[in-house]
Amino acid sequence: GGCLGGAAALIGRPEFENVFRSFYVLPSLFHTDLDRGFSVISYELDRKFAKREDLDALHRQGLDLKLDFILNHLSVMSPQFQDIVKNGENAKFRDFFIDWNKFWDGKGEMTAEGYIQPDAELIRDMFFRKPGLPILMVRFPDGRDVPYWNTFYQEVKYPVLDAQDVMAVAGVQYSRASVVAELVNTELAAGKTPAEIDWSAYTDVKDAVVELLESKRKYLGQMDLNIKSPLVWEFYEDTLKKLSDYGAKIVRLDAFAYAPKEPGEKNFLNEPGTWELLEKVRQLADKYNLELLPEIHASYGEKNYEMISQKGYMTYDFF
């Protein structure tokens, strides 16, 4: 049926009575933007894919629902991150995500680009999911670029300009503004950043146009949560309660092993931080009668599943 209602109707057929015990629904039923649902904007239902009555129908069929909770990150489009983009230093959620420079303060050298390059020995064993440092530079309302920790996907989008945009900020005539706008749009479409454009013939407009582009940039991506923030733990509990209200009996903890971070650690299954995190989450889950299913990506030979089972948890792995 292309949605959860179709699945509920199929499973509700007489032929399937008492066939299934549990039903796992991917996070695409939530309000998400990227990564097949794993970049959550909020845990409200996306009515294109799921309605509350669909979940209720599955529940009435005696199925234990298993829903996802992504512990490590939220979408850049989440209300919490958009609060930072809009309000900068005055944002309520300023430290809800991980300010890279605050995390590494005193443990590296500040670069010309405005982020700290950590000391080599502190990141030697660190597990990164992509090349380079896991940073998204975020423009604050005061014009500063502030680096935030971004383990997974990111994309920066710049606006398409026309001649009037260039005229408004650079004070040049229409014909010159048209040429500049065409240059900018072509170069950005080719994947360059504003600073990487060849401005040699347009030095008189460079600063104004680059500032315009940077001030209007938009983001996509999954921003790492700062588990040392009390607001994150309020969010954790609110989310677990919501999932319980949806009828969940099992909650799969996606990307939980990335959430505890410390300088010098590998930042995947850190010890003891990983187990401290899981225990605190389990205490919250117990309030709502939820069983936890921690998810990891690891080779079978590493035997991480044994370690997690010894702590009293089921394991969801892809090996």
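## Contacts along the chain

Of the contacts (heavy atoms within 4.5 Å) between residues at least 6 apart in sequence, 62% join residues at least 24 apart. The model is predicted: local features need pLDDT of at least 70 and side-chain atom pairs count only at pLDDT 80 or more, while totals for chains, interfaces and linings use all residues. Residues are numbered from 1 along each chain as its sequence is written, and side-chain values use heavy atoms, leaving out hydrogens and water.

## Overall form

The chain contains 11 helices and 14 strands; these are DSSP runs numbered from the N terminus, with helices (H or I) of at least four residues and strands (E) of at least two. Its C-alpha trace spans about 75 × 50 × 40 Å along the principal axes.

## Nonpolar cores

Of the 319 residues, 47% count as buried, that is, under 20% relative accessible area with a 1.4 Å probe, protein chains only. A nonpolar core is a set of buried Ala, Val, Leu, Ile, Met, Phe, Trp, Tyr and Cys residues joined through side-chain atoms within 4.5 Å. The largest has 69 residues, and Phe 69 and Tyr 236 have the most contacts inside it.

Beyond its neighbours within four places in sequence, Phe 69 touches residues including Tyr 43, Phe 235, Tyr 236 and Leu 253. Another core, of 17 residues, lies apart from the largest one; among its members are Val 166 and Ile 197.

## A hairpin

Strands E2 (residues 30-34) and E3 (residues 39-45) pair in the antiparallel sense over 4 bridges; pairing requires that DSSP finds at least two bridges. Phe 30 stands opposite Leu 45 in E3. The hairpin has 4 residues between the strands, and Asp 35 takes a positive phi near 55 degrees.

Notes:
Buried means under 20% relative accessible area, exposed over 50%, partly exposed in between (1.4 Å probe, protein chains only).
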